[in-house]
Amino acid sequence: MKSKFPNATGSASPRSADVPSDPAQNTLGVRIADIAALRADGSIVIGQRKIPSLPLFDEAFSAFAHGTNLQSDKGPIAIEDLQPGDRLLTADGGSSEISWIGSSTFMPSDKGNFTPLTRIMADSFGVSRPDSFLSLGPAARLLQTPAHLRSEVGEKRVFTPARAFVDGVNVIEVTPPTPIRMFHLCLQRHAAVIAGGLEIETYHPGANPLRLLSHTLRTVFMSVFPQISHVSDFGPMNYARASVEDDLTAA
């Protein structure tokens with residue numbers, strides 16, 4: 001596969017990183033994911049992985065719809081045009097380097113594995129927030145505290161699933177009629193990036209994400225992130241998360 005990234009090395013999935021061929025796997029769907037990662041030595045690894053259609057894996061590829069503009073240190077840029085090493089502006093007023101980008105195609109017919117996109121109309125969260133309608137995938141979380149949680153968390157902002165704000169008017173669910181490419185990304189640290197004036201969480205698997213996976217699936221999961229050697233290398237979570245069920249996950 002020819003890379004668009006300079007100084008990139010192709011990386012075919014190692015045999016141990018393929019989805020296992022065993023009776024248990026017959027119940028799992030499999031999707032192809034594209035990855036690009038920036039290693040500590042400055043080299044870029046690109047490749048594809050076969051991954052199971054399990055929530056932990058799908059969430060790593062389904063936050064931003066194709067065409068979403070993010071604010072970089074050089075201005076807005078579509079997520080599909082970003083490369084590892086590019087710098088994105090963050091909600092804390094700084095910027096951080098992209099260490100990993102992942103994408104995969106999701107089908108509207110993925111029963112049980114595809115949640116409709118969340119479409120946020122312009123100005124839904126204030127003037128120019130967003131500045132035009134914004135379509136987000138099922139893994140997207142906004143750095144926005146729902147009104148019913150504000151008395152509990154005070155001034156503290158938490159990451160809340162975008163779908164929790166669906167009201168049928170300003171924020172609606174949309175099921176694309178055709179397959180759609182979606183993306184997620186990691187920065188050098190857990191943060192919120194800016195998309196259309198809204199702050200959206202970068203990828204982090206959360207606390208102890210591999211506890212329910214078999215040894216083989218843990219190997220598959222780690223193969224998706226060649227920029228790290230251990231799950232702890234994702235670093236600390238810098239913001240808390242609120243679930244749709246109103247639970248708070250401590251940072």
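## Strand β8 and its partners

The model described here is predicted. Strand β14, residues 180-187, runs antiparallel to β8, and the two are paired over 8 bridges. Strand β8 itself spans residues 95-106. Antiparallel pairing also links β8 to β2, through 5 bridges, and D34 has S103 of β8 as its bridge partner.

A further antiparallel partner is strand β7, residues 87-89, which is joined to β8 by 3 bridges. Here R87 stands opposite E97 of β8. Strands β7 and β8 form a hairpin with 5 residues between the strands, and G93 adopts a positive phi near 95° in this hairpin.

## Burial along β8

Strand β8 is mostly covered, with 9 of its 12 residues buried. S99 is located in this strand. The relative accessibility of S99 is 6%, so this residue counts as buried, the cut-off being under 20%. When residues up to four places away in sequence are not counted, S99 touches A36, A37, L38, C186, L187, Q188 and Q227.

## Aromatic pairs

The model contains 10 aromatic pairs. F159 counts as buried because its relative accessibility is 0%.

For F221 and F225, the ring centres are 5.2 Å apart and the planes lie at 55°, so this pair is tilted; the class of edge-to-face pairs requires over 60 degrees. Both F221 and F225 are buried. These two residues also belong to a cluster linked by ring pairs, together with F57, F61, W100, Y203 and F234. A charged side chain is also placed over a ring: R31 lies over the face of F106, at 4.1 Å from the ring centre.

Within α3, the buried residues are L217, V220, F221, M222 and S223. An α-helix has 3.6 residues a turn, so residues three or four places apart point the same way. The elements that cover the buried residues of α3 include β2 (30-38), β3 (44-52) and α1 (55-58).

A240 is located in the loop between α3 and β17. Its relative accessibility is 4%, and A240 therefore counts as buried. The C-alpha atom of A240 is separated by 7.8 Å from that of R157, although the two residues are 83 residues apart along the chain.

## The chain as a whole

The secondary structure of the protein chain comprises 3 helices and 18 strands. Of the 251 residues in the chain, 47% are buried. The accessible surface comes to about 12000 Å², and carbon and sulfur atoms contribute 50% of this area.

Taking contacts between residues at least 6 apart in sequence, 64% join residues at least 24 apart.

Conventions: Residues are numbered from 1 along each chain as its sequence is written. This is a predicted model: local features need pLDDT of at least 70, side-chain atom pairs count only at pLDDT 80 or more; totals for chains, interfaces and linings use all residues. Side-chain values use heavy atoms; hydrogens and water are left out. Rings of Phe, Tyr and Trp (its six-membered ring) pair if their centres lie within 6.5 Å; planes under 30 degrees apart count as stacked, over 60 as edge-to-face and the rest as tilted. Buried means under 20% relative accessible area, exposed over 50%, partly exposed in between (1.4 Å probe, protein chains only). A charge sits over a ring if NZ of Lys or CZ of Arg is within 6 Å of the ring centre and within 35 degrees of the ring normal. Helices (H or I, at least four residues) and strands (E, at least two) are DSSP runs, numbered from the N terminus. Contact means heavy atoms within 4.5 Å. Accessible areas come from the Shrake-Rupley method with a 1.4 Å probe; for residues, only the protein chains shown count as cover. Two strands pair if DSSP finds at least two bridges between them.
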